[in-house]
Amino acid sequence: MLLRVAAIALLVLLAGLPAASGATSGVVRDEPVGFSAQDPPFRPELPRRRAQPLAGKVVVVDPGHQLGNHNYPAQINRPVPAGGFSKPCNTTGTATNGGYPEATFAWQVSRLVTRRLRDLGATVRLTRHSNRQDRWGPCVDARGRAGNGMPADLKLSIHADGSYAAAARGFHVIAPADRAPWTADIFGPSRRLATDVKSGLLGRGFVAANYVAGGDGLDVRSDLGTLNLSDVPTVMVELGNMRSAAEARVMTSPRGRARYARGLVAGVRGFLR
Ligand SMILES: [Zn+2]
């Protein structure tokens, strides 16, 4: 047995020698000027792996109201638990003066955010999987609980506002208030998430809302089931005022939506760092 192994080893060595020396002489002959025998041996580049800094992270993206909510008044007005009180299942959301719905805006931005987070390695769960006139919901209690069982690292609820106040514009990020027993476990990290999302949006050239939340772009609310029922850090972001003509132009353009998505992803990455 030992003899056989030794014989095979010798054969392998003999077989390798001429090939190796042949390859070496070939390389020297064919190399462009400047190559010398002292240069390190050529190593083919390994296929590049995409950087996945968010591998192992779980993010819930909640793309706001379903487009068809207004077609289902009985369903979306049904009261559901919202954290110690009841609220309607959902609302219809707002729109630009030109008729571009908040539901569609939130959906399109959410898709961009989802794609980018997945590219970065995160697992992303959505609270709705379509943007259709013949669908409604989910209700705020389902949105609020989404991600609790995993548990997700964070939940981002994407909306836009509809204020008719003169010159009202800008984004604001809403964190849950400290309401034991509902949010006592998450209000601290949620405020940090709110700050990170605000920084992400400011970094992409968006401005803090001038008409709510004291002008600093950060709000705290206790009346939102989507936030109250969450056991994971969460914020709701109102990306801008859809009734502002200037902001509507940004929201209705693919470049504008991509910029919103980059701001949100920057915020998520800041929080998960
Ligand atoms: Zn909304």
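A residue is called buried if 20 or more other C-beta atoms lie within 10 Å of its own, exposed if 12 or fewer do, and partly exposed in between, with C-beta atoms placed from the backbone. By that rule alanine 213 is partly exposed, with 19 other C-beta atoms within 10 Å.

## Basis of the report

This is a predicted model, in which local features need pLDDT of at least 70, side-chain atom pairs count only at pLDDT 80 or more, and totals for chains, interfaces and linings use all residues. Residues are numbered from 1 along each chain as its sequence is written.

Helices (H or I, at least four residues) and strands (E, at least two) are DSSP runs, numbered from the N terminus.

## Helices α3 and α8

Helix α3 (residues 102-119) and helix α8 (residues 254-272) have axes that come within 9 Å and cross at roughly 50 degrees. That makes α3 oblique to α8. Angles under 35 degrees count as roughly parallel, over 145 as roughly antiparallel, 65 to 115 as roughly perpendicular and the rest as oblique. Axes are lines fitted to C-alpha atoms, for helices over the stretch in contact, and angles run from 0 to 180 degrees between N-to-C directions. The crossing of α3 past α8 is right-handed, a term used if the near helix is turned clockwise from the far one by less than a right angle; anticlockwise is left-handed.

On the α3 side, the contact involves Gln108, Val109, Leu112, Val113, Arg116 and Leu117; these meet Arg257, Ala258, Tyr260, Ala261, Leu264, Val265 and Val268 in α8. Two residues are in contact if their C-beta atoms, placed from the backbone, lie within 7 Å. By class, the contact of α3 with α8 has 10 nonpolar, one polar and two charged residues. Ala, Val, Leu, Ile, Met, Phe, Trp, Tyr, Cys and Pro count as nonpolar, Asp, Glu, Lys and Arg as charged, and the others, Gly among them, as polar.

## Nonpolar cores

A nonpolar core is a set of buried Ala, Val, Leu, Ile, Met, Phe, Trp, Tyr and Cys residues joined through C-beta atoms within 7 Å. The largest one has 49 residues, of which Val59, Leu117, Leu156, Val235 and Val237 touch the most other members. Elements that each supply at least two residues include β1 (58-62), β5 (154-161), β8 (234-241) and α8. Helix α3 gives the largest share, seven residues. Another core, of six residues, lies apart from this one and includes Ala82, Cys89, Cys139 and Val140.

Leaving aside neighbours within four places in sequence, valine 59 is in contact with Leu117, Ala122, Val124, Ala152, Asp153, Leu154, Leu156 and Val268.

## Lysine 57

Lysine 57 sits in the loop between α1 (2-30) and β1. Lysine 57 is buried, with 20 other C-beta atoms within 10 Å. Not counting residues up to four places away in sequence, lysine 57 touches Ala122, Asp153 and Leu272.

## Backbone details in loops

Glycine 137 and proline 138 are joined by a cis peptide bond with omega about 0 degrees; proline 138 lies in the loop between β4 (123-126) and α4 (140-145). The bond from methionine 150 to proline 151 is also cis, with omega near -15 degrees, and proline 151 is in the loop between α4 and β5.

Alanine 167, although not a glycine, has a positive phi of about 60 degrees. Alanine 167 lies in the loop between β5 and β6 and is exposed, with 10 other C-beta atoms within 10 Å. Alanine 213 has a positive phi near 60 degrees and lies in the loop between α5 and β7 (218-221).
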